[in-house]
Every structure is written in C-alpha cells, then in structure tokens.
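Opening the notebook on a two-chain model today. I want sheets, helix packing and the contact between the chains.

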Amino acid sequence: MNSTMNETVELDAQLQELLPVIQKGLPGSHESWVRVMRKGALGNFFRQGIPTTRNEAWKYTDVRKYAARLSSVSVDKPASDISVEAISDFYFRDLDCHRVVIVDGRVSADLSSLIGLPAGVRIESIARMLAGEAHLLEPYLHDQHLSGSFAELNTAIMHDGIYIDIPDGIVVEKPIHLLFLSHGRGEGSSHIRNLIVAGEYSQATVIEHFGSLGESRALINVVTDVELHAGARLEHYKLQQSDINEVNIGSVRVHQHRDSYYHSHSVAFGAALSRRDIHVELNGEGAECALNGLYLVGGRQHVDHHTRIDHVRPHCRSRESYKGVIDGRARAVFNGKVVVHKGADQTDSAQSNANLLLSDKAEIDTKPDLEIHADDVKCAHGATVGQLDMNQLFYLRSRGLSMDEARNVLMFAFADEVLAKIKEPEVRRYLEQVAFEKLPCGAGLEGMLV
Amino acid sequence: MLKIENLHVSVDGKEILKGINLNIKAGEVHAVMGPNGSGKSTLSNVIAGRDGYEVTAGGVTYKGRNLLEMSPEERAWEGVFLAFQYPVEIPGVNNTYLLKAGLNAKRKHLGQDELDAMDFMQIVKEKANLVELDHAFLSRAVNEGFSGGEKKRNEIFQMAVLEPSLALLDETDSGLDIDALRVVAGGVNKLRSPDRAVVLVTHYQRLLNYIEPDMVHVLAGGRILKSGDKALALELEERGYDWVLEEANA
C-alpha cells in the first residue's frame, strides 16, 4: 500500500467520523426531509469517494492532493472586522447593483446591500431559509439529477449560500452581485449552496464572484441550482479570481422550461485548481442557452471546465464558446458534451473551444462531445489548439510593437472576444482590467480594445 | 539610404534571390517590377524582417547599419515601413491603438516624448482625410472585415501616420480600382521628400502613371536583369517581360 493510498484511507476515516457530527448542527436539521436528504447525500459521497483520475470525469484533474482541506469545514460566523473599503476592489466601479457579501461561506449582513429590490423579489441566506422556510426550497433541493461526489458533499453539509426568488413577470433591472470572499488563512473548506428560481417571464442578472482577501488555502465547493420557468431570462456570471493557493470547485445545474433563456459567462483567472461543471437541461420547447467561458492561467495553475447540455425537447437552441490562454506549466481541461435526446427534433446546437498555448510546458486536454438520438437536428462542434499567429505577430512588429507587446496584444484580443459578449460594460471593463494585470507587461494596453 | 549587395536568399532550402544589387538614395523612388514568382515579395519581406528567409550570401545596409541584424520592430523604429501585399486582419485590436503604440514606440526609440492623446488624434484625423479613409475605420479592428481596397488604403494611412524614411510598397496597387489607386498614389507622393526613399514593388506599370519613379528595375528569376528610367516601365507595359528575359539569356 503506497503512501497516497494510506492518506486516502486515513482521510476517509476522518471524514466518516467528522461529517455526521457536522451535519447535526447544520441549519434545517429540524426538518425531517432535510435530514433524510443530507444523510442520503453523505452516503452517496462516501460511496463515490473523492474522485481519482481513474474516474472519467476527473481523468485530467487530480484533486486528491487538496482533499485534506475537506477535513476542516468552516461553519463559524464570518470575521466581523472586514471593512467595506477592504472589499471594494471587487466592485464593478460605477455599476449600480444589489450586493450580498459572503465571507468564508457565511452571509455577512453588514457588508451587503439590498436596497430597492422590486416588490416580491427575495434574496435571502440559504441558512436562514433552511432554518425558517425550508419548504420553499424543497422542490428544488430534492432534485439530484446531476450527481458527483462534490455535489453530494455539498448537499450533505451545505451551511449557507444565497436564495434568489423572482416572482412571475418581474424584471430586476440592477444586477445582483454575490461576492464570495475567502478571508481565513487556514486550509478549511466551505460548502456553499445557491438557488435561483426565476418565475415566468421574469428577468435578472446574477453575478457570482469569487475572490480572496489575501492568501487563501481554502477549498470552496459551491453548487448553484437554477430553475428558469417559462419565458424567464437569466444572465448568469461565474467570475473566479481566487488566490493562487485556493481550490475552487463548483457546479451549476440549470433547468429550463419553455421559451426560457439562460446566458452564462464563466471566467476563471485564479486558484491553484479550479473546476466548473455546468449542466443545462433544455426541458421545454423553444428554450435557449448560451455558455461562454474564458480561462487565463499560468504558473502551475490547473483549470477544468466540464459542461453538458441536454436537448430534451424539440426546437431548442444552444450555443457554447469557451476560450483559454494557457502559459507556464499550467494545464487546462475542457469537456463539453451535448446530448440530443430522442424526439428533440429541430435542435440547433453549436459548440467551440479555442485554446492558445503560450509555452512548451503548458497543456490543454479538450474534448467536445456530441451525442445525437434525434433525426432532424443541426449540430456543430469543434476545438482548436494553437500558438499565436505568426503573420499577425509580424504585422504588429513591423508597425513598431515589441515582441512582448505584440504577443500581449494578440493574447488579449483572443481573450476579449469572450468578454465582449458581456452586456454590462462595467463588468466587462473590470474583467479586462483583471486580465491585463495577469500579464507581465499588460498595463497600458487598454486602448487596444475595439 | 538602402544598399543591397549581392543578396542571396533561400526559403526552405530553395534559393529565391540569386545576387541582388540595389542602391537607393534618399529622395529617390525606385520601382521593382517583374513577373509573378520572380522574388519581388521575398525582397520586400527580407527588408522588413519577416522570419523564414535565410540570407545565404551578401548583405543589406540601411543608413549605414547592417539591416539584417535588426529586429522587425527596430527596423520600424528606424523608419522602415512595409505596406503589405496582403494586410493581416487582427480581430479585437483597435486600428488607432496600433498606430499610437507604433508611433510612440518609434518616438521613444528616437528619444522624443510620447504624443498626448489630443495631438495624436489630430495627426490621425488629418492623415485619414489625406487617404480619404472614413473615420469609422479608425475605431474598428485592424483590417477586420475591410474590403481589399480598404485594406490597401489602410496601409497607406498607416504609412502616412508613421512617416517612414524608407517605404516599401509590396504590390499595393494590385486589385485596386482607379479611385483607390489615385488615393494610394497621392499618399505616396505626399510622403516624397529629399530625406525619404520609396520602393514600389509591382507587377503592373499602371501605378507608375501616378507615381513617377527615378529608377525602374526588372526582377526575374531572382536577379535584377535590367535597370533604367521610367521609360523602361512603359516599354515593359508595351512589350511584356519576355524580351528582357531573352536579352538576359542571350
């Protein structure tokens, strides 16, 4: 038996002892259905185990070296000494928005601001909902259609997160900014659960934003469930700019009803290891989704995006475009699956993944995957991996840009195609700025953008 | 200004230029003409510094310096400009940004202050008017979605802003309608001055109706077979290239 296996067995024993104890003190435990759900999920988690690279979905992403972080779970109250100034780096300058700040996995009322929400819209702490109004969550939390051990673990020991409920016909004009910050320096884990329920013909923008105040060795495990009723429209951002030592794992599970529209922007800049799963089910005719993604990694960072789009009903449309820039010894993984179910005729689906490798040691494993069980469909998919275009580099240099400058300009132009799809200019500018700062000589390039 | 001596250049082990000699002085306009595949574009690319061309013998001096040792950007800073035969599309990069970055890099290299935004925009607008380039193109991505004529016009616009000492125009006239050709020629003529030189690489004599060259050279098979004044261009237009080749082989 080698040492890794020893460690795994040891950790497993530790978690077997620890997690049931933690479960007892979690919000909602007075409700029997919550207890049953959590217990079942914990059982599933132990049965599946922490994924290894033998697991197809984790083939290129070895999470075991960070698994020890699961042995400490942050369920304490958040630090109260954080000022608004300290977190304003994560604001989108002039963007007027509703904001909820979650520190180390717990909602901070002091740092949040929810003034002027339209009547009937609710933005609440999941912990409070579980404690007082768990029945409102029941229809959505019960549905475990996408499993996976981290999602199971999340269901088993989720301690807080955000519940957003938008009534039928309501348009929330201002974006809702959910700011998740890591503050602790220890190797703890937090298990955050969000739930967005968008009523018929409602409309909203929700920005999930992950960052760190200083160095963070946390493991963040976040699950967001999204229910879009008929005709609902949601712009959903996942912005990850965590500290370089952090592990950020998360799933988004989207149920779309008739004629609903889901637009996702998944941006990953930070973290030692970042894993994002998005699973969209197009369950009603005329539903449409567009998944955009950008990853920009270097050093020894590891970033993994898994997406799955299920065309269950006819006349649905899906678009997916992920782009990545990989430098240093970083490694990126993209796996995008589209499944067209029997009877989902007139499906229109297109998917692409384009990658720029900036060094010999950088690596990308990309796998667009199409599974079609219907006859009358239009599907396209493809992946590209390349270096910077030599003709473009020469052109820029012949006009006087240095080699480094020309490289940076082209890299940004490549990445910015994804950011250009962002509707709020303030959010786009903010992300461009963060992207600029990731480059050694990116400053001063702002003017290049079209 | 530019002195090319016995220049031999190979691409992928195949010799394309087989001993070129050219001496271009400040204030002069030279036309390098020749049939397709004669090595015209190779000559332009070697002077501008594109990768993939191996100089096996001979050399190029520019303003007394060994040009071949300079990086493409250093050549640009020192005043070399190539108008591309096929201008490259660069999605996501603003046309005006490219010029500003290029111009300021050059000014920095020459020990001059960078231009402020106002002065720069003044220059840009003036030069855009000169080449009749719609100002909408200034804020678009470099060459993206431009028509063939717009791309060539954009090259001349860039040349006008960057004010090179040595301008190489690689088949800038190909595929242009007569209006665009006049605009391109106008841009080049405005640039002509006693301290600048222009090399027009072209297949056709047509451009030379609008830009009067001091010297015309016939490049074929990797060698300059004949040099003369503008009368040579007219003769080529009338008689084609074959007689020059035959004369050379005789």
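Ground rule before the sheets: I call two strands paired if DSSP finds at least two bridges between them. Helices (H or I, at least four residues) and strands (E, at least two) are DSSP runs, numbered from the N terminus.

Housekeeping: residues are numbered from 1 along each chain as its sequence is written, while chains are lettered from A and ligands numbered from 1 in the order in which they are written. The model is predicted, local features need pLDDT of at least 70, side-chain atom pairs count only at pLDDT 80 or more, and totals for chains, interfaces and linings use all residues.

**Entry 1: confidence, chain A.** I checked pLDDT, the predictor's confidence in each residue, from 0 to 100. Chain A has a mean of 91, with 94% of its residues at 70 or more.

**Entry 2: sheet in chain B.** I traced an open, mixed sheet of 6 strands in chain B, ordered E6-E9-E10-E3-E11-E12. E6 (80–83) and E12 (223–228) of chain B are the edges, each with a single partner strand, so one side of each has no neighbour in the sheet. The twist averages 20° from one strand to the next; angles here run from 0 to 180 degrees between N-to-C directions, and axes are lines fitted to C-alpha atoms, for helices over the stretch in contact. E6(B) runs parallel to E9(B) (residues 166–170), joined by 4 bridges. Opposite B:Phe81 I found B:Ala167 of E9(B).

**Entry 3: helix pair in chain B.** I looked at H5(B) (residues 148–162) against H6(B) (residues 178–191): the angle is about 10° and the axes are 10 Å apart. They are therefore roughly parallel, a label for angles under 35 degrees, with over 145 roughly antiparallel, 65 to 115 roughly perpendicular and the rest oblique. Contact means C-beta atoms, placed from the backbone, within 7 Å. Among the contact residues are B:Ile156 and B:Met159 of H5(B) and B:Val183 and B:Val184 of H6(B). The contact splits into 7 nonpolar, 2 polar and 2 charged residues. For the classes, Ala, Val, Leu, Ile, Met, Phe, Trp, Tyr, Cys and Pro are nonpolar, Asp, Glu, Lys and Arg charged, and the others, Gly among them, polar.

**Entry 4: sheet in chain A.** Chain A has an open sheet of 10 strands with mixed pairing, in the order E2-E1-E5-E7-E9-E11-E13-E15-E17-E19. Neighbouring strands are turned by 10° on average, direction ignored. I counted 10 bridges between the parallel strands E15(A) (residues 317–326) and E17(A) (residues 347–357). A:Lys323 has A:Ala354 in E17(A) as its bridge partner.

**Entry 5: where the chains meet.** How many residues of each chain are in contact? I get 22 of chain A and 25 of chain B. H7(A) gives the largest share of the chain A side, 8 residues. That side has 11 nonpolar, 6 polar and 5 charged residues.

I then checked burial (20 or more other C-beta atoms within 10 Å of a residue's own is buried, 12 or fewer exposed, in between partly exposed; C-beta atoms placed from the backbone). The buried residues of H7(A) include A:Leu393, A:Phe394 and A:Tyr395. Their cover includes H8 of chain A and, from chain B, H1 (40–48) and H3 (95–109). Just after H7(A), A:Gly400 has a positive phi of about 110°.

Terms used
Contact = placed C-beta atoms within 7 Å.
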